[in-house]
Amino acid sequence: MKRARFLISASMLVGAMAASPAFAQVAAATDESASADDSGALKEIIVTAERRFNTAQKTAAAVTVRPGDMMLLQGRYELKNILEDVPGISGGASASTNTSIAGGTDNPATGLVIRGIQSNSGVGGSATSTSSAAAIYTDDVYNGVGGNYDIARAEILRGPQGTLYGRSATAGVVALHTNDPDTKNFSGTGTAEIGNYNLYHFTGGLNLPIVTDKLALRISGNYFERDGYYSKLGNSRQSTSFRAKLLWTPTDNFSALLGYAQEFNITHTGGTNVGQVGSPTNFVYTENAVGNARNHSRQYWANFKLDLGSVALTYIPAYRTFYQNGTSLVRTAPGPGAVNIDNFVSTTPDNFMTHELRINSTDADAAFKWQIGGMYYRNSLSEINNLFNYDLGPTGSYIFKSTTDKVTT
C-alpha cells in the first residue's frame with residue numbers, strides 16, 4: 001500500500017542548546033583545544049550503556065547509538081522505525097500508539113526481537129504483563145513512558161545485559177534518553193507531519209531556564225492520529241503524550257531531576273472484513289462493527305546524582321500506572337474457517353514501582369573501575385479478559401471463555 005507523507009519542521013533556538021553542566025549527557029563530544037588539522041577526526045560518542053558515562057569505542061558491549069536529531073530529520077518516531085536498520089534487531093511495539101488486541105500492553109517491549117529471541121505470551125492470553133526477552137528503558141526507567149518524542153539519543157545493546165539492567169534483558173536492551181532541561185539557554189523545537197488517511201502528527205518541546213545554572217524546566221508533547229486504511233474508524237489510532245522534567249543543580253556535585261509523563265491512547269478494530277473469493281487476487285470487502293479501546297499510562301520518577309569525588313551515587317525511584325478498557329472485534333468473511341471473535345479486556349489497577357541505586361568509581365583513567373548497585377521491581381495488576389468465539393462450534397452455538405487474573409511480581 002502506497003502512503004504519501006508530508007513533513008514540515010520548524011524550530012526556535014535562543015542560544016546554544018547544552019546539557020546539565022554537572023552531569024552532561026551528550027551525543028558527541030570533541031576536544032575544544034583540537035587544532036584545525038584535527039577537524040576531520042572521528043568524534044567520540046558518549047554513551048551510558050554500562051550505567052556510567054563512557055565512549056562507544058570503549059564500551060564492552062555490542063552497542064549501536066542513534067542521535068535524536070538524526071531520527072527527527074528522518075521522521076522516525078515509532079520504535080520499529082528507530083530500530084529498522086540496526087543489525088540483529090527487529091520489531092518493537094509501536095511507541096506512538098502502543099496497541100495490540102483489546103487496547104494495548106503495559107510492556108512496550110512486547111514485540112521487540114533481538115538476535116531472534118522472542119517474548120513470551122501475556123497473562124490470560126492478552127498482551128498485559130508480558131515478561132519480554134528484551135528490555136526498554138526510557139530515561140533510566142524500566143518500561144518507561146514517552147520514549148518516542150523529544151529524544152536525545154537511543155542506545156541499542158545486543159546480547160544478555162542482566163548484570164547491569166536486571167529483569168527482561170536476556171536478548172538485549174534499548175535505552176531511550178530524552179532531552180534533559182538546560183539551565184542556561186531558552187530554546188524550543190516543533191515538528192508537524194500531515195499525510196493521507198487524515199494523518200496528523202505534531203511534536204514539540206520547550207526549555208525554560210528558571211534560575212541560571214540552578215533550575216530549569218523542560219516540557220514536551222506528542223500528538224498522533226490517523227484513520228484506518230480500509231475504513232475510517234476500523235484500525236484508526238489516536239495518541240496524546242506529555243512530559244515535564246524539572247532539573248535542580250544547587251551545587252557542582254549534586255543534581256536532582258523530577259519528572260512526570262503520561263500517554264493516552266485510543267484504538268479501534270474491525271470496521272471491515274476482507275474475504276478471498278475465487279482466485280488469490282480477488283478480495284471482497286464488507287463492513288462490520290467497530291471495537292473501541294483505550295489505555296492510559298502515567299509515570300512519576302526522579303533521578304538524584306551525587307558526586308563525592310572518587311565515587312558517585314545515583315538513585316532513581318519511579319512509579320507507573322497503566323489502565324485499559326476495550327473491546328476488540330475480529331471478523332472474517334462467512335464460510336469454512338470463518339472467525340467471529342469479541343474480546344473484552346479490562347485492566348485496573350496495574351501499578352509498577354521500581355527503585356534503583358548505583359555507586360561507581362569516577363576516575364576515568366584508573367586501571368580498575370568498579371560499580372555496584374541494586375534494583376527493586378514490583379508490579380501488581382488485576383485483569384478481566386472475556387473472550388467470545390461465535391460459530392466455532394455447531395451452527396448457532398458459541399464458545400465463551402472468561403479469565404480473571406490477579407498477579408504480583
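In which strand does Val 211 lie? Val 211 belongs to strand 12, which covers residues 199–211. Helices (H or I, at least four residues) and strands (E, at least two) are DSSP runs, numbered from the N terminus. The structure is a predicted model, in which local features need pLDDT of at least 70 and side-chain atom pairs count only at pLDDT 80 or more, while totals for chains, interfaces and linings use all residues. Residues are numbered from 1 along each chain as its sequence is written, and side-chain values use heavy atoms, with hydrogens and water left out.

The protein chain contains three helices and 20 strands. Of its 409 residues, 45% count as buried; buried means under 20% relative accessible area, exposed over 50%, and partly exposed in between (1.4 Å probe, protein chains only). The chain exposes about 19600 Å², of which carbon and sulfur atoms supply 57%. Accessible areas come from the Shrake-Rupley method with a 1.4 Å probe, and for residues only the protein chains shown count as cover.

Confidence in the model is given by pLDDT, the predictor's confidence in each residue, from 0 to 100. Its mean over the protein chain is 76, and 71% of the residues reach 70 or more. Over residues 1–39 pLDDT stays under 50, and the model has 84 contacts beyond four places in sequence for this stretch. A contact means heavy atoms within 4.5 Å. Residues 94–101 also have pLDDT below 50.

The interior comes next. In soluble globular proteins, nonpolar side chains tend to be buried together. A nonpolar core is a set of buried Ala, Val, Leu, Ile, Met, Phe, Trp, Tyr and Cys residues joined through side-chain atoms within 4.5 Å. The largest such core has 18 residues, and those with the most contacts inside it are Leu 83, Ile 89, Leu 112, Ile 136, Ile 156 and Val 174. Two or more residues each come from helix 2 (79–82), strand 6 (112–114), strand 7 (134–138), strand 9 (151–158) and strand 10 (172–178). Strand 9 gives the largest share, three residues. A second, separate core of 13 residues includes Val 65, Ala 135, Leu 157 and Ala 169. Leaving aside neighbours within four places in sequence, Val 174 is in contact with residues including Leu 79, Ala 135, Tyr 137 and Glu 155.

Charged pairs form another set of links. The structure holds six salt bridges, each a side-chain nitrogen of Lys or Arg within 4 Å of a carboxyl oxygen of Asp or Glu. In one of them, Asp 139 pairs with Lys 245, with the closest N and O atoms 3.5 Å apart. Asp 139 lies in the loop between strand 7 and strand 8 (141–142) and Lys 245 in strand 14 (residues 237–251), so this pair ties together parts that are 106 residues apart in sequence. Both residues are buried, and Asp 139, Asp 180 and Lys 245 are linked in a network of salt bridges.

Arg 218 forms a salt bridge with Asp 150, the closest N and O atoms being 2.8 Å apart. Because Arg 218 lies in strand 13 (residues 215–226) and Asp 150 in the loop between strand 8 and strand 9, the pair ties together parts that are 68 residues apart in sequence. Arg 218 and Asp 150 are both buried.
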